[in-house]
Amino acid sequence: MRSTTHHRLFTPLAGAGILALTLAGCSSGTTDAAGSGEFTGDTLEVSAAWSGAEQANFEAVLAAFEEQSGATVNYTSFGDNAATTLGTQIEGGSPPNVAMLAQPALMDQLAADGNLQPLSEAASAAVAENYSQSWVDLGTSDGTQYGVWFKASNKSTMWYNADLYDSAGAAAPADWDDFLAQLQLVADSGYAGISIGADVGWPLTDWFENVYLQTAGGEMYDQLTNHEIPWTDPSVTVALDALATLWGNDALVQSGAAQRTFPESVTEVFGAAPQAATIYEGDFVAGNITDDGNSVVGENALFFDFPSVNGSAPAVVGGGDVAVSFTDDAATDALMQFLASPEAAEVWVPEGGLTSPNNNVDTALYPDETSRQIAEALTGAETFRFDMSDLTPSAFGGTPGQGFWQIMIQFLQDPSDVAGTQQALEDAAAAAYVD
Amino acid sequence: MFLIALGFLAPALVLLAGLVLYPILYTVVRSFFSADGGAFVGWDNYVTMFTNDSTFTAIRNNVIWVLVAPVACTVLGLLFAVLLEKIKWSTAFKLIIFMPMAISMLAAGVIFRGMFQESPNLGVVNAAVVAVNSAFGGGDAAYPGANPRTDVGLINDGGVIASEAAVGAGTEVNFPLVGVRADNVPASAAQAESADTASADQITGTVWLDVVIGGGGTNGQIDDGKTGLPGIRVDAVDASGTIAATTETDAAGRYVLAGLGTETYRIALPASNFDEGYQGVSWLSSGLITAVIILSYIWIWAGFAMVMIASGLSAIDRSLQEAARMDGANEWKVFSRITAPLLAPVLIVVFVTLIINVLKIFDLVYVIPPGASKPAANVIAVEMWTVSFGGGSNQGLGSALAILLLILVLPSMIINVRKFRQERKS
């Protein structure tokens, strides 16, 4: 899991983020708007990974709570050391009241160790009212509900160069077959349909996860994630076959994928001299495009949702941050209820940088069309699942040159060998999932 | 007396024990435990090490490294040292050859990765290869990468776009093409037009870009907004394969092949119209990656070998060479019979040092290969790092690999230590 965070951080934008994290690693802010609510005099400690602009925006959310409740809330950033920082604090007997975790596995572990407080009935009702079932399930561990998802990311976005699409007469596709047809139109106009940066495997595992979630559905996805069904399962065959219809088509995929880094593949599509028209990855591609500076997100850099494969309902693969509480008191409970309410997210949403999984957040508040579209795809999805490679043991899902990553690179280079790929995945998984 | 000696030795002994002995012993112990260190697994990690594919590649690559790199560095170093002795400005040349030693391996790796990038726009090596190729006339086609529209009776046969069926004179053969960028169409091109009806000894037709900018139009038909492709060579090829007539398309893409007989012809647009040119060599692909990394290693370490050998060279007795020359030996004889044997002790030290160094190679192999060819470039040290810290989180297996590396390095270490001891005695 951690290694996945790291590889994403190789993008320049997030690289700057790392710097900011190290610099602001121990900073904490107090917002002292002493209101006159029922919790006047109470002090709450809240921790999250956010720093810089994200910290400022989150503190504004907390300030809104202070005003409403009268409690004082202190925010501390733990950078990207959630597990260690919280572990030390719990051992020392002084965990924060509320923490935001980016890894569901960490929530499960803390819950199993008995460190987390289950949601109160009122908080649980607020979640049920505002979130779709996928998010409720993601906040549940072993049958008990612990978490409120506050922030989400969408990894089911297909970004395209609108200039090239327009001149080719291509448009956002209706489904996977139409997607291939649109890419063919682009290829006819002399540009590669899609650019893939497969220098490392993580973009490819994200491809697979999207197609698998669409073709096999959420339940199978969970089973495969936990290795309850083998990778040789027929459902994996279906997903790989679907992928092969694109990856095996040399007319559509820009050649040289295996030697292209992910940021380079973004430049191939949105750079000064584009060679391809489409690129798949999560909502963070907007940051890569802005860094590159040759295209403008929302103008000629647009996206559509990952196309539906075999007539599946909208499904989104992504990530997010979940709020969990460590203490059993009324003020903490009030904060958890507040975080589950649309009002909390609506403080941050207009500032940009927050995609809220909360269904009742007014999407008109998003600062631009693109982020609104990303959020609507997320809340409109019938199925939402966490990035599979982040949930599997890192020996399988997070090691460069081995396991899931490497086998998907090999599959990209030779998409004809579906059975062999499945066997290789199963062998790698069998070795990695040891209890 | 013993106590005083021990007192003086103590700091060094403590450091040695703490920083060398203890880690080695702990690694040995750790290699017998499972990934999380909880369970004793006996020789399992060692068995995994030799049965697992990626470790096997790593060991094989290490063998290649040991066979190639030290020999190449030593030979090159010897050549440089001996030859540079005979020229003016030798110090300047030595400085240049030695300079890569001053660059960190990591930085050198980044440089080499950049140089060997596949795209000629990024990698200087492929840029040079492509430049040489195009100097000899490759890659100057007017419409690189064009393809026929599918399902209209045209085939792309290794770059030649031709009609599937052979036709007789008096017919019309059209070529709707795709995959040509609008910017690649010359300014002289005009709206595509249907060719005139062919007379009895003619075959006519149109070659056009079957794409309307902004979309629309019917595939395979000449619509408004579709441009003709001028300047394309069109051949009529008869059954025996000889070209019976040839012509070029006009601004509207039309062509007329005249003077044809009664037999049937296949109409072909030769590959010279569409040649994408030489794209360079895929240096960083699985097949060549180890060679590229070894090359970068040689670039760095040949300078080291040269400096060591040159210092040995300056210490040998010149009168022996002079004597050999007086006796009529040519320069090659002098080198192979006198200079090289005298240099042998230095050569062995350089060679063995390089073997030790090469066995432990990590940074270049870690930096140069792109992800796709990482497994092909794997060596033991990189594998050790990957399985223990790079995501594998299996420090049991990692320790076993570290011990293997230690065992492999030991013989050369012992040879080197003996060598030093002998030298001190003599």
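Predicted model: local features only at pLDDT ≥ 70, side-chain atom pairs only at ≥ 80, totals over all residues.
1. Now step back into the helix itself. H13 of chain A covers residues 285-292, and its buried residues are Val285(A), Ala286(A), Asn288(A) and Ile289(A). Look down the axis of H13(A) and you'll see these buried residues fall within an arc of 160°, so they line one face of the helix.

2. Next, a helix pair in chain A: H10 (residues 202-225) and H19 (residues 403-413). Their axes come within 8 Å and cross at roughly 80°. Angles from 65 to 115 degrees count as roughly perpendicular, and H10(A) and H19(A) are therefore roughly perpendicular to each other.

3. Who meets whom at that crossing? From H10(A) you have Trp202(A), Leu204(A), Thr205(A) and Phe208(A); they meet Phe404(A), Trp405(A), Met408(A), Ile409(A) and Leu412(A) of H19(A). By type, the residues of this contact between H10(A) and H19(A) come out as eight nonpolar, one polar and no charged.

4. Then there's the partner chain. In chain A, 26 residues are in contact with 27 residues of chain B. On the chain A side, the elements giving two or more residues are H8 (162-168), H9 (176-188), H18 (394-397) and H19. H8(A) gives the largest share, three residues.

5. One last thing about the side of chain A that touches chain B: what is its make-up by residue type? The residues there split into nine nonpolar, 14 polar and three charged.

Methods. Residues numbered from 1 in each chain as written. Chains lettered and ligands numbered in written order. Buried ≥ 20, exposed ≤ 12 C-beta atoms within 10 Å, placed from the backbone. Helix = DSSP H or I, 4+ residues; strand = E, 2+ residues; numbered from the N terminus. Arc of directions from axis to C-beta. Axes fitted to C-alpha atoms, helices over the stretch in contact; angles between N-to-C directions. Parallel < 35°, antiparallel > 145°, perpendicular 65-115°, else oblique. Contact = placed C-beta atoms within 7 Å. Nonpolar A, V, L, I, M, F, W, Y, C, P; charged D, E, K, R; others polar.
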